[in-house]
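Please view the model alongside the text.

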Amino acid sequence: MLGSGRAFRRPLPGRVSSHETALGHVHTRAPDSDAMNSRSLPYLLIAPALLFLAVFFLYPFSLVAWQAFSTDEGRLTTEHFADMVGYWKFNDTLRNTLWLAAIVVPIQLVLSLLMATMVSKMQRGRDMVLYIWTIPLGISDLAAGLIWLAIFEQTGYLNSILHGLGLIEQPVAFLGYQSKLTLFVAIMLAEVWRATAIMLVILVAGIGLIPKEYNEAAEVFGAGPWQRFRRVTFPLLKPSLQTALILRVILAFEVFAVVIALSGTQFPVLMGAVYERQFVLRDTSVAAAYAMLILAISIAFTLLVLWWLRVPKEARI
Amino acid sequence: MAEIRINRVAKQFGKTHALQAIDLTIADREFMVLLGASGCGKTTLLRIVAGLETATAGQVHIGDRRVDQLPPKARGIAMVFQNYAVFPHLTVYENIAFGLRMAKLADSEIDKRVNRTAALMHIDPLLKRYSGQLSGGQRQRVAVSRALAMEPDVILMDEPLSNLDALLRMEMRAELKSVLAESNTTTIYVTHDQVEAMSMADRIAIMDQGHIVQCDVPVEIYRNPAAHFVGSFIGNPPMNFLKASRVDTGQWRVAGATLSGPGSDKNALDFAIRPEDITVGEGPLQAEVRLLEPLGSHTLLACRVDNTAFRVIVDSDTSVSIGDTLSLNPMADRVRWFDPDTQLAVPS
Ligand SMILES: Nc1ncnc2c1ncn2[C@@H]1O[C@H](COP(=O)(O)OP(=O)(O)O)[C@@H](O)[C@H]1O
Ligand SMILES: [Mg+2]
C-alpha cells in the first residue's frame, strides 16, 4: 500500500518534465522524450485506479488504523489492544482462528493439487468435472454455512440417515457446546467444501501453462509419477501456488459466516469478535484493534508463503 | 547390443492414420534419420519408440527385449526434444544430472558424468546457470549433454537443430555427428531438413503420409529413388520428371525425342533425371530458358521442356540468356523411370 502510494506520486513530475523536453527540444531531443513518454505512460494509465484506491480504501483504512491506536481525545495509545488481549475469550478466539486455518488450508492445498492434476490429465469431460467442482464458488459463504447446518443440526440429514440406518437411538447434537470436536469438524468440512475450488481454478490454469515437454522429459529420464510431480510440476507451479495460497490464507483468517451459521457464538473466531465489538458492544476502537490484528496475521502469512514458494529470478520460465 | 526392431507399427488418432504398418530395423550403433515433410508421422514414430505414445498395433524391440509395453524409463533410451525441454527451475548441472539422480547413482559418479559430458559439449563454464540465461544453441547443448550423460543404448532426437540459425545448425551438425559416433549409441534422428539427413545419416528412412517409402544409405536414396515421391523430395532442386509413352519395346517417346528405356509393357512411364545429370549442347530434349539463377559455383536454369518445368544445373561459365532454346542431353546412366500408377521405380 505504501509502495503503491509512492508509485502514484513519482510519475507526475516525470510526466511534466518529459512534456517540457518535448516542447523545448522537439528536434534535437525527440527520441529521448519519446522514451520518457512511454516510461510514464503506464503510470498515467493506472493513476485513476490508484486514485480510486486511495479515496475508497487507503483513506478509510487509515481512519480504522487511527481508531485502533488512539483515544477519544486523540492521544496515541495501545489500550484498545490491551482491552482486546485481556478479554476472557481472546485466547480461544485467536487459537480457533489459527487452528482452523492451520488445518483447513493444508487440506485444501493437497486436495486442490490432487484435483488439479487429475483434471489436467483428463482427455474427455474435463470441463464438466471442473464446472461441478467449482459450483460451491457460486454460493455465498452464509448460504454454504446454512447448507452444512441442514446436514449437521439435530433435525438434519445426517441424524436422519444415522437414525434410519439404526445406528443411533436419539438425534445427536453434533453442533452442541459439549461437542467441540464435531463442531470443529463440521466447520472444517464446510470450509473445505466451500473454498477449495478457488485454489483449484488457479492451479488448473497454472498447470495448463506448463509445457507438456517438461513432464515428458522427466518421464523419459526416469521419473515416476511422484517424482515428476515433486521435481517438475510442483516447482514450475510455484507462481500459481503462491497466488492460490495467499488468497486462501487471507480468506481463512477472515472466516465468519460459515462459523456463525454452524455454531452461533460457540466457536469464537477473530472476524466474529470484530462483529461482536462493533455491532453488539458498540466498541469501535477494540473492533478496529481486532481488524489490525487480522491484517497483521494476514501480512505475516503472506510473507511466509512468498518466502516458502520463492523462485530465484533467473530460474523463472 | 541395441538393435531396434519396429514391426508393423501403426498409430491412429481418432480417424487420422498417423502411421500405417511401419517396418524398420535399425542396427546397433547405427545413425538412422527419419526424413519427411511436416505431418508425415516422424514424431509419432519416435514417440512410440520412446514410450511417450502407445501404438495402435505392432511391436517394438530394443536389443532382445520387447519394449512396447514398458514405460519410457525401462527402455534404456534418452531423448533430445525439439524445444529442448531443459528444465527452467534447475541449473545446467542439475539438468544434466536429472536422469542420473533418478537412477540413484552415487554423487561422485554423477559429478564425473556431468563434468565429462558438459566438457564434451563445451558447456562446462555454464554449469551453474539456469536455462533462462542460455542462448538457444547452449540450451540445445544442455539437452544433448543430458541425454549423453545417461550413457543410453539408444538416443532419440526430434528435430534437435530446427530452432537454431543456419550457421549454428551447420556447426552443431558436424559436432553432434562426431560426438554420437564416439558414444556407441544407436540413434534415431528426426528431421525435415534433407541436407541434415544426407550429411549425418548412416541410413535415411524417407517417410510420406505414415509410410516408409525408402530406407537406404544417403547416396542410394539420392541416386536411385525407390519412388516418384523420393525423387521429387530429395535434392535441391529435386529431380525433373517428364511423361514418356511407349514406342516399341525398350523405346520411349519423351518430349518429342525417342530414348531407350526399360523393356516394360506399360504404355506410359515417367522419365526422371537430376538437374546436374544433364549436359548442354547436342541432345534430344529441346528446352526454353525461362529464368537464370547464378549461384556462384554453378548456375541454375529454370526451363520448360514439353510444357513442363525442367531445371538444369550448368557451369557458371556457360553463356546462356533468358529465351534461349537449348539442346539437352540427359546422361544415359543417370536416367530413372517410374511407373505412374504405382509411383514406384521401374528398373531400366
Ligand atoms: N496427439 C495427437 N492427436 C491427434 N492427431 C495427432 C496427434 N499427434 C499427431 N497427430 C497427427 O498425426 C500426424 C503425424 O504427426 P507427427 O508425427 O507429429 O508428424 P511430423 O512429426 O512428421 O511432423 C499428423 O497428421 C498429426 O496431425
Ligand atoms: Mg514432428
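The sections below take the basis of the model, then salt bridges, then a helix, then the ligand.

## Basis

This is a predicted model, in which local features need pLDDT of at least 70 and side-chain atom pairs count only at pLDDT 80 or more, while totals for chains, interfaces and linings use all residues. Residues are numbered from 1 along each chain as its sequence is written, chains are lettered from A and ligands numbered from 1 in the order in which they are written, and side-chain values use heavy atoms, with hydrogens and water left out.

## Salt bridges

A salt bridge is a side-chain nitrogen of Lys or Arg within 4 Å of a carboxyl oxygen of Asp or Glu. The count over all chains is 29. Side chains of opposite charge can pair when their charged atoms come close.

B:Asp277 has a salt bridge to B:Arg334, with closest N and O atoms 3.0 Å apart. B:Arg334 sits in the loop between β18 (325-330) and β19 (336-338) of chain B, and B:Asp277 in the loop between β14 and β15 of chain B, so this pair ties together parts 57 residues apart in sequence. B:Asp277 also pairs with B:Arg223, at 3.6 Å between the closest N and O atoms. Here B:Arg223 belongs to helix α7 (residues 218-223) of chain B, so the pair links parts 54 residues apart in sequence. Burial is scored by relative accessible area: buried is under 20%, exposed is over 50%, and partly exposed is in between (1.4 Å probe, protein chains only). B:Asp277 is buried at 3%. B:Arg223 is partly exposed at 25%, and B:Arg334 is partly exposed at 24%.

## A pair within one helix

Helices (H or I, at least four residues) and strands (E, at least two) are DSSP runs, numbered from the N terminus. B:Arg113 and B:Glu109 form a salt bridge, their closest N and O atoms 2.9 Å apart. Both lie in helix α3 (residues 107-120) of chain B, four residues apart, about one turn of the helix. An α-helix has 3.6 residues a turn, so residues three or four places apart point the same way. B:Arg113 is buried at 12% relative accessibility. B:Glu109 is partly exposed at 23%.

## Helix α4 of chain B

How many of the 14 residues of α4(B) are buried? Eleven are, so the helix is largely enclosed by the rest of the structure. Among them are B:Gln140, B:Arg141, B:Arg146 and B:Leu148. The buried residues pack (contact: heavy atoms within 4.5 Å) against elements including α10 (212-220) of chain A and α2 (92-102) of chain B. Just after α4(B), B:Glu151 takes a positive phi of about 45°.

## Ligand 1

The shell around ligand 1 (residues with a heavy atom within 4 Å) includes B:Phe13, B:Thr16, B:Lys42 and B:Thr43. Polar contacts are pairs of N or O atoms within 3.5 Å; within protein, one must be able to donate a hydrogen and the other to accept it, and residues adjacent in sequence count only if both atoms are side-chain atoms. A polar side-chain atom of B:Thr44 is 2.5 Å from a ligand oxygen. A backbone N or O atom of B:Gly41 lies 3.1 Å from an oxygen of ligand 1. For a polar backbone atom of B:Cys40, the distance to a ligand oxygen is 3.3 Å.

Taken alone, ligand 1 exposes 560 Å², and the protein buries 59% of that. Accessible areas come from the Shrake-Rupley method with a 1.4 Å probe; for residues, only the protein chains shown count as cover. β2 (16-26) and α1 (42-50) of chain B each give two or more residues to the shell. α1(B) gives the most, with three residues.
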